[in-house]
Amino acid sequence: TADIAEYALWLGDDSLMLSQSLGWWVSRAPELEEDVALGNIALDLIGHARSLLHFAGSASGRSEDDLAYWRNEPEFFSAHLFEQPNGDFAHTIVRQFIASHYHFELYRRLQSSGDSTLAAITAKAFKEVDYHREHADLWMLRLALGTEESRERLIIALTDIWPYVDEIFTDEPLIDRLDGIAVRPSTLRDVVEAGMLTVLAECELKEPRGFISSGGGRRGKHSENLGFMLAEMQVLARAHPGATW
Amino acid sequence: TADIAEYALWLGDDSLMLSQSLGWWVSRAPELEEDVALGNIALDLIGHARSLLHFAGSASGRSEDDLAYWRNEPEFFSAHLFEQPNGDFAHTIVRQFIASHYHFELYRRLQSSGDSTLAAITAKAFKEVDYHREHADLWMLRLALGTEESRERLIIALTDIWPYVDEIFTDEPLIDRLDGIAVRPSTLRDVVEAGMLTVLAECELKEPRGFISSGGGRRGKHSENLGFMLAEMQVLARAHPGATW
Amino acid sequence: TPEEEQFNALIEADSRIEPRDWMPDGYRKTLIRQISQHANSEIIGMQPESNWITRAPSLKRKAVLIAKVQDEAGHGLYLYSAAQTLGISREEMTDQLIAGKARYSSIFNYETPTWADMGSVGWLVDGAAICNQVPLCRASYGPYGRAMVRICKEESFHQRQGFEILLELMNGTPAQRAMAQESVNRWYWPALMMFGPPDDDSPNSAQSTAWKIKRFSNDELRQRFVNMLVPQAAVLGLTLPDPDLKWNDETGMYDLGEIDWTEFHEILAGRGPANGRRLQRRREAHEDGRWVRDAAAAYSRKQTQEMAVAS
Amino acid sequence: TPEEEQFNALIEADSRIEPRDWMPDGYRKTLIRQISQHANSEIIGMQPESNWITRAPSLKRKAVLIAKVQDEAGHGLYLYSAAQTLGISREEMTDQLIAGKARYSSIFNYETPTWADMGSVGWLVDGAAICNQVPLCRASYGPYGRAMVRICKEESFHQRQGFEILLELMNGTPAQRAMAQESVNRWYWPALMMFGPPDDDSPNSAQSTAWKIKRFSNDELRQRFVNMLVPQAAVLGLTLPDPDLKWNDETGMYDLGEIDWTEFHEILAGRGPANGRRLQRRREAHEDGRWVRDAAAAYSRKQTQEMAVAS
């Protein structure tokens, strides 16, 4: 149905935009091992995005590339968290930390979705985001307990990125129409936050308090960064309408 | 003639790409005074670019915006210096330093070009680039003689940007066809370099030695940064073919 | 006290208070708060517009936009100078802003996802700012009033530019017209909220009015603004998104629909679209620029020393 | 010496030299130079391709490209490990690279202005690399040879992907076909130069050949490469930009046009299209990552201490 397709776009756009940012790191990471690790995560995410976009477009005859390259900003449904710029490595890690804890719990539950395609896609993805979560948790510890500078940078990054946590747990009317198929975002909050707070406690850090972004990504209202991301991501494809690659 | 138009594109594209980068600083400068100063310089440069592009397009019926927004990368003629990314403030200042010393001497001579339009445009621009040069020279001194950190950053920026000096003094066949109209780039080298070396001496710095980029901007061969710049600069205009703004 | 009487007399006579004059602590504090808040608004206000500098769809618009954002930096400078005459330093004001302790106009916590927002910000936001600011040109504190005279001149220019952007869009393609209307729909109500809460809910206003820092009530200014907007919207061919907006023959003014203040209070409480991002970017620019400011200061110290040695 | 005899015997017998074995100083130095140069080439070689990751024109191509650049990081790691067995540290190699004191393949000083370059780099550059590298899988030094086995497997996969990109372009629109041909025109000669100067101008080759580090001459490998390319170009419908290229019935090989080595020597001398930019970006990534590496090292030290205390 159109509702399931839209829900698949929520998930697919999240992964697509996150992988778009992570891909930048490959060749620029702090060490070669991280070029490989961040590259792996970007690859997993782009894989999830492709499956989800393919699924979302199948009813309306649109390919994954139609959806990735030929939609305009208000037609994307990513949450703002997934559109945040890379910042320094600490910002990237905090973004990964939140995203992967969220993905882990979301995909864990979606495996028993009433929609068998969604269930199959997320069953595969679940194993991969488990690794993403481990990778992020370990870096959270290293940065928090490593040096004074790394701890300071991590705290700044937490302040900057935490405002985007709220939106991913916000229910939208679409969810009411997908009972048994989608996971209601608000029901994820407790478990996901508890998981993150456990890691933060090991990091000897408290939950950041401060701004809360009002979001709107699920209604096509995006943070200012998305326009720049799409300009770059789509530029070549759009210069050659109708071409295949 | 088509040759004069192409020469006007050389100059116009240089200013256009430089102002495109400088514009980014407005709202991000190290102090409010620099938001204003870099904004002024960006405005001057965009003014020069508009006059030159307007002139370049007049024979072929193309507007300044046709030329700015609807040419593809190989149709631009900017030298690589003018396409270098902002980097940190020191990179921006070194880029300005070279660009404005070059512009100053170039426009000084072009005022007596056999082409009256070029002469008129550059007569006005000459006064402005004189200020740009003063601004850059002063910052060179501040950064060179300010703190250890600023000196170190300036030296790195000089190393990174100096490779692009050579290209702006390189003659191309077009110049042979514009005797009395264009300024032969190679004839600028001694004066411009002497002017820069004087400032570097005040900075207690030697001429940087290292790589020399082989350039090619005047033949439409660009540095890797230009594609990213154009993607951003042109994205909105290209999304609305035929629209006016 | 005699100083107090003199101060009151100057206020009474609509004269200017100057930095060297005695003034009550409350007056000084109120002004510092208001002027630095205004300066911060100019500085944070650069962000939503600088967002489109690199993507402006014509070179002319790009130039106009750079000039505008640059003007805002200039306004920040005038206002910081005015506040400094009251005994607060620029560093203090900057630090308060970056630490999230100083306020700035909530309107700049909205984002500018489309080019049409460059029109709406000029037409609606600068328009509302002018209605707020024109009376401030006569503010009792001299340096503030004089800064506002310069600022108001430039702001009215900015408002015209915003109007022009929207006009060009409304004369354009269907996509451009839709872009303009969608943007005005988003900005209209937030612009009305720029005048602050309704009069019966505005605690600080009475004292400020007595001191002739404030000269009209929030609701009065809001009404003026709408009276000005309606005919301009008609010229543009834009619909203002208030179904209850209509001419009232009795009052000779437009009746306004009910304002939903929930969003306003949410943003004030730090739950707006871009509160975090605005402060983040200001902090980053400030931190990234530290070594540059340090270099300039060190260089200037060395120059002074050299001159002292030479003389 | 007996050690020398044993070493020579191992070489003679086509056996592997292992890290614990005695080896002549020159052999060790030559290997360190060659392996670290090769590692650096993989690392710098990530740049021209990562240039298109964010702009790849389809999600499939984006994924393939990320995987490829990531493989290069992996190759860098294998090769650094192999070099480390010879007594040089990763830090030393990294520092030499960033200081501009270590070489890397000149081919990566070319830029990739178009998407078609992702095809040409794969087909031509990786193709040439494979011709160079396959013999190295039998290199006398064990760790190097084994690293090369893994690398060669992946490289041949990369070459196929480059071929596929070009094939897709050549099956596409006229603009895509033009993009492919233009790119191949730029990369063909530089790829041929990857095999190094002509044999009569290649000073270090004799000793390396004796030590079985090098197994074929530059010109032999270049010839093999062209023999492989010509039929593939025919399948693609691409013209190789050498008017003198033609089949020679006598030799049973293709005759090649004269290579203009001027550009090659210019780039070696630091006057290429992107020498400065490549080192700048590597330096920036290295410097930007310093605090991260420091944090990881500090954390790991603390963990070790805690475990020591606990036990």
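Which residue's side chain meets that of Glu105(A) in a salt bridge? In this predicted model, the partner is Arg108(A), with an N to O distance of 2.9 Å. Both residues lie in helix H4 (residues 89-110) of chain A, where they stand three residues apart, about one turn of the helix. Glu105(A) counts as buried because its relative accessibility is 6%, under the 20% limit, whereas Arg108(A), with a relative accessible area of 41%, is partly exposed.

## Salt bridges between distant parts of a chain

Over all chains, the count comes to 60 salt bridges. One of them joins Asp171(A) to Arg184(A), with the closest N and O atoms 3.6 Å apart. This pair links distant parts of the chain, 13 residues apart, since Asp171(A) sits in the loop between helix H7 (165-168) and helix H8 (173-176) of chain A, while Arg184(A) sits in the loop between H8 and helix H9 (189-202) of chain A. Asp171(A) is partly exposed at a relative accessible area of 27%, and Arg184(A) is partly exposed at 32%.

In chain B, the side chains of Arg189(B) and Asp166(B) meet in a salt bridge of 2.8 Å, N to O. Here 23 residues separate the partners, with Arg189(B) in helix H9 (residues 189-202) and Asp166(B) in helix H7 (residues 165-168) of chain B. The relative accessible area is 25% for Arg189(B), which is partly exposed, and 24% for Asp166(B), which is also partly exposed. In chain A, salt bridges that share partners join Asp88(A), Glu149(A) and Arg153(A) into one network.

## The interface of chains B and C

The contact between these chains takes 48 residues from chain B and 45 residues from chain C. About 4000 Å² is buried between chain B and chain C, and carbon and sulfur atoms give 67% of that area. Ser27(B), Leu32(B) and Trp245(B) supply 20% of the area that chain B buries against chain C, more than any other three residues.

The count between chain B and chain C is one salt bridge, in which the side chains of Glu33(B) and Arg90(C) meet at 2.7 Å, N to O; the count of residue pairs in polar contact, both at pLDDT 80 or more, is 17. H2(B) provides eleven residues, the largest share of the side of chain B that touches chain C. The residues on that side of chain B divide into 26 nonpolar, ten polar and twelve charged.

## The interface of chains C and A

Between chain C and chain A, 20 residues of chain C are in contact with 16 residues of chain A. The area buried between them is about 1500 Å², with carbon and sulfur atoms giving 46%. Two salt bridges are found across this interface, and the side chains of Glu224(A) and Arg278(C) meet in a salt bridge at 2.9 Å, N to O. Helix H12 (residues 275-288) of chain C gives eight residues, the most to the side of chain C that touches chain A, and by class that side has five nonpolar, eight polar and seven charged residues.

## Nonpolar cores and a buried arginine

The largest nonpolar core has 178 residues, and those with the most contacts inside it are Tyr7(A), Ile98(A), Met140(A), Trp115(D) and Trp123(D). A second, separate core of 176 residues includes Leu53(B), Ala125(B), Ile181(B) and Trp115(C).

Arg283(D), placed in helix H12 (residues 275-288) of chain D, is buried, with a relative accessible area of 17%. Leaving aside neighbours within four places in sequence, Arg283(D) is in contact with Ile156(B), Asp160(B) and Ile98(D).

Notes. Residues are numbered from 1 along each chain as its sequence is written. Chains are lettered from A and ligands numbered from 1 in the order in which they are written. This is a predicted model: local features need pLDDT of at least 70, side-chain atom pairs count only at pLDDT 80 or more; totals for chains, interfaces and linings use all residues. Side-chain values use heavy atoms; hydrogens and water are left out. Contact means heavy atoms within 4.5 Å. Buried area is the accessible area (1.4 Å probe) that two parts lose on being put together, summed over both. A salt bridge is a side-chain nitrogen of Lys or Arg within 4 Å of a carboxyl oxygen of Asp or Glu. A polar contact is a pair of N or O atoms within 3.5 Å; within protein, one must be able to donate a hydrogen and the other to accept it, and residues adjacent in sequence count only if both atoms are side-chain atoms. Helices (H or I, at least four residues) and strands (E, at least two) are DSSP runs, numbered from the N terminus. Ala, Val, Leu, Ile, Met, Phe, Trp, Tyr, Cys and Pro count as nonpolar, Asp, Glu, Lys and Arg as charged, and the others, Gly among them, as polar. A nonpolar core is a set of buried Ala, Val, Leu, Ile, Met, Phe, Trp, Tyr and Cys residues joined through side-chain atoms within 4.5 Å. Buried means under 20% relative accessible area, exposed over 50%, partly exposed in between (1.4 Å probe, protein chains only).
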